[in-house]
2 protein chains.
Amino acid sequence: MENAGMEALLVLNESNMNYLTGYEGWSDYVPQAALVTLGSDVPHLILREMDVQCATATSWLTDSHITGYEEALIAKPDGSPWARLAEIVQGQTSSHRMGVELTATGFGVLQHRDLIQVLGVEAFRNADGMVSQLKKVKSPNELAYQEEAAQIVDQAMREGIGAITEGARESDVAGIIMHRLCAGTDSVAGGPPKTPTMPVAKIANAPHLKWTDQRYSRGLQTNFEIGAFRHRYCCALSRTAFLGTAPDRLRRVHAAALDGFEGAFDALRPGNTCGEVARAFSNRFAPHGIRKESRIGYSIGIDWTDGGASLQEDDETEIVPGMVFHLIIGIWEPEEGYVLSETVKVTESGPVSLTEIPREPFVIDARPTGQEQLR
Amino acid sequence: MENAGMEALLVLNESNMNYLTGYEGWSDYVPQAALVTLGSDVPHLILREMDVQCATATSWLTDSHITGYEEALIAKPDGSPWARLAEIVQGQTSSHRMGVELTATGFGVLQHRDLIQVLGVEAFRNADGMVSQLKKVKSPNELAYQEEAAQIVDQAMREGIGAITEGARESDVAGIIMHRLCAGTDSVAGGPPKTPTMPVAKIANAPHLKWTDQRYSRGLQTNFEIGAFRHRYCCALSRTAFLGTAPDRLRRVHAAALDGFEGAFDALRPGNTCGEVARAFSNRFAPHGIRKESRIGYSIGIDWTDGGASLQEDDETEIVPGMVFHLIIGIWEPEEGYVLSETVKVTESGPVSLTEIPREPFVIDARPTGQEQLR
């Protein structure tokens with residue numbers, strides 16, 4: 001903060017508030033903030049009144065570091081919770097050298113105007129990405145949460161793929177996956193997950209679709225991208241499944257994706273940069289002649305993408321032990337669709353995948369005998 | 001739009017983009033917009049390149065009304081997808097009389113600056129809430145989706161409450177609910193749901209918490225607030241469950257909540273205003289002497305809260321047939337916790353609840369015989 005010229009920092013992203021204080025309110029649709037000041041080791045939470053109970057239940061902060069603003073300010077056209085939040089900030093600090101996470105959910109120009117007017121600050125310093133820098137190297141405890149989540153997501157993926165059969169509803173497959181992501185394994189309880197992405201179509205090239213009302217029939221491909229959570233720490237995993245006899249294009253695109261995946265995976269080791277990982281992917285993937293425009297991964301942690309680093313050719317972040325990446329070879333092109341991903345931790349001696357499910361396309365070929373084959 | 005002095009309107013909230021075009025990309029973490037111009041009946045979608053496939057799969061728009069911007073602009077510190085989005089807007093309209101949904105996810109001051117600079121507009125007109133006004137009265141098709149969702153949420157609530165028993169993990173109860181919300185009933189497939197809210201504690205007064213790692217024991221109360229979805233249209237439902245012998249305070253708070261609920265419910269009929277509904281609640285609830293600061297409900301539709309109207313004393317919106325409200329008596333106070341809610345449609349002849357589960361606290365009293373009683 002000092003280097004950035006800040007004496008106070010308003011953290012507005014709930015993922016970052018959670019990182020600093022443990023707070024879980026799931027309430028970023030209303031104004032809320034964690035205030036960090038240079039003079040104090042302890043942040044101050046400013047929340048909607050009813051969410052104070054969420055903070056006392058989840059955060060390590062004592063009551064004197066949590067302030068609620070009045071419920072009457074919520075959903076009123078002329079009420080401004082941001083102006084009130086600013087007043088509470090003034091009770092904690094008089095500094096005008098203040099950083100704010102400018103790109104936070106619900107913090108638009110009108111909210112910015114209310115906040116800056118009451119505080120009397122000329123301009124906020126942009127604190128976007130500051131907390132993300134702290135988050136990109138995980139502690140042993142953080143890694144342990146992601147490794148526990150890995151056990152859950154492995155089992156959820158196996159059960160979801162196992163439920164695909166002719167006539168099954170897509171929604172039933174989704175339900176089986178979500179049950180496991182929430183319930184967890186016998187030994188590890190699941191935390192609240194994101195909704196699985198699972199487009200089901202002939203080539204399934206739409207990246208972010210969920211399931212539909214339809215039933216499975218032969219010739220349909222499913223691109224699963226799912227994540228399990230422990231205390232908001234995520235382990236993500238993607239696989240492609242195909243119901244019916246695998247077409248040649250599926251084998252070709254899998255071979256390309258796997259080749260690129262392995263190239264990038266091997267490069268995820270200390271000393272390399274994110275850009276070098278991206279180039280290691282391209283070197284192996286490009287010769288296959290399949291178009292892929294999107295990046296191949298990013299730092300993953302609290303609430304999934306955590307903004308720490310991006311596996312793109314021009315990201316020169318150095319790879320160090322304790323980083324965790326979602327390495328995702330997603331092909332979402334007009335003529336082709338495929339997805340293969342794992343959550344990978346970086347150790348002194350190189351990359352370690354957190355999950356165990358094989359790196360292959362799962363072809364469910366319903367035989368005339370009615371027997372299903374999962375291979 | 002004409003009355004608001006607009007010739008063009010940039011819709012940035014995905015819920016509103018979905019309302020206007022059918023688009024489902026689940027991608028409001030990157031810039032995207034639906035552009036509406038006075039001269040055309042058909043909106044124009046501007047999306048991240050990979051999400052164009054999501055649009056062709058879900059929207060009624062033809063390809064000529066969907067434009068993707070380059071993947072290379074994503075997650076680049078110096079790339080500005082908003083400037084690029086502005087260029088695409090310029091290809092569709094030269095008007096400077098432009099409305100923008102200023103309070104949209106991810107549209108902060110920096111993004112606003114990029115957009116307005118490229119467009120050369122002096123100031124945007126604030127279009128917050130414009131689309132919500134259209135959404136507050138539901139069509140028969142929209143109502144049908146919410147009624148289908150009601151069947152799912154009723155069953156999910158029964159199954160979740162039925163799974164509470166001594167030693168059960170909270171996460172197992174969550175898993176059972178999420179399975180049903182996703183899978184749907186035998187006749188109606190579920191759509192992607194929000195994560196259930198289900199604080200489990202002695203009085204469970206934290207409003208937005210999810211489940212934890214813990215196991216159930218006697219004396220624990222669960223406040224369920226869950227929603228099922230059909231094509232993004234929601235039916236929400238809340239009930240309180242208690243494991244053990246119900247304490248007197250639970251009976252008292254239930255009596256107060258039910259009294260207030262019924263007062264508000266009966267007032268949800270054409271001719272009344274939202275404010276009158278709120279007062280009808282207070283008239284019945286206040287004599288019980290329990291503190292409750294938060295509002296008692298809001299218009300519900302696409303993606304849950306849809307911004308159409310709020311059940312607060314100073315909201316003078318007139319109640320008309322076709323409106324649908326989530327009537328929620330939530331008590332999230334330092335000393336008390338309880339929740340009772342239903343999704344209610346307004347008809348010519350008065351209010352109709354979409355769900356059927358009884359309005360009572362569900363007390364699961366594990367008897368020495370091991371037999372459970374659900375009443």
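## Ground rules

Since the model is predicted, local features need pLDDT of at least 70 and side-chain atom pairs count only at pLDDT 80 or more, while totals for chains, interfaces and linings use all residues; side-chain values use heavy atoms, with hydrogens and water left out. Residues are numbered from 1 along each chain as its sequence is written, and chains are lettered from A and ligands numbered from 1 in the order in which they are written.

## Rings meeting rings

Searching the whole structure turns up 10 aromatic pairs over all chains. To pair, rings of Phe, Tyr and Trp (its six-membered ring) need centres within 6.5 Å; planes under 30 degrees apart are stacked, over 60 edge-to-face, and the rest tilted. One of the pairs is A:W82 with A:F107, tilted, at 4.9 Å centre to centre and 50 degrees between the planes. This pair links distant parts of the chain, 25 residues apart: A:W82 sits in helix α3 (residues 81–90) of chain A, and A:F107 in the loop between β5 (98–100) and α4 (109–119) of chain A. Helices (H or I, at least four residues) and strands (E, at least two) are DSSP runs, numbered from the N terminus. A:W82 is buried at 6% relative accessible area, and A:F107 is buried at 1%. Here buried means under 20% relative accessible area, exposed over 50%, and partly exposed in between (1.4 Å probe, protein chains only).

Over in chain B, B:W82 and B:F107 make a tilted pair too, with 4.9 Å between centres and 50 degrees between planes. B:W82 lies in helix α3 (residues 81–90) of chain B, and B:F107 in the loop between β5 (98–100) and α4 (109–119) of chain B. Both B:W82 and B:F107 are buried.

## Arginines over rings

A charge sits over a ring if NZ of Lys or CZ of Arg is within 6 Å of the ring centre and within 35 degrees of the ring normal. A:R232 does this over the face of A:W26, 4.0 Å from the ring centre, and B:R359 over the face of B:F265, at 4.7 Å.

## A six-stranded sheet in chain B

Chain B has an open, mixed sheet of six strands, ordered β4-β3-β2-β1-β5-β6. Its edge strands are β4 (66–69) and β6 (125–126) of chain B, each pairing on one side only. Strands pair if DSSP finds at least two bridges between them. Strand β1 (residues 8–11) of chain B runs parallel to β5(B), joined by three bridges, and B:L10 has B:V100 as its bridge partner in β5(B).

α3(B) packs on this sheet, touching β1, β2, β3, β4 and β5 of chain B (contact means heavy atoms within 4.5 Å).

## Where the chains meet

In the interface, 70 residues of chain B contact 70 residues of chain A. About 5000 Å² is buried between chain B and chain A, with carbon and sulfur atoms giving 60%. Buried area is the accessible area (1.4 Å probe) that two parts lose on being put together, summed over both.

## An enclosed strand in chain A

Strand β10 (residues 297–301) of chain A has five of its five residues buried, so it is largely enclosed by the rest of the structure. β10(A) pairs antiparallel with strand β12 (residues 324–333) of chain A over three bridges, with A:G297 opposite A:L327. β10(A) also pairs antiparallel with strand β11 (residues 304–310) of chain A over three bridges; there, A:Y298 stands opposite A:S310. β10(A) and β11(A) form a hairpin with two residues between them, and A:D303 in the turn has a positive phi of about 60 degrees.

Definitions and conventions:
Axes are lines fitted to C-alpha atoms, for helices over the stretch in contact, and angles run from 0 to 180 degrees between N-to-C directions.
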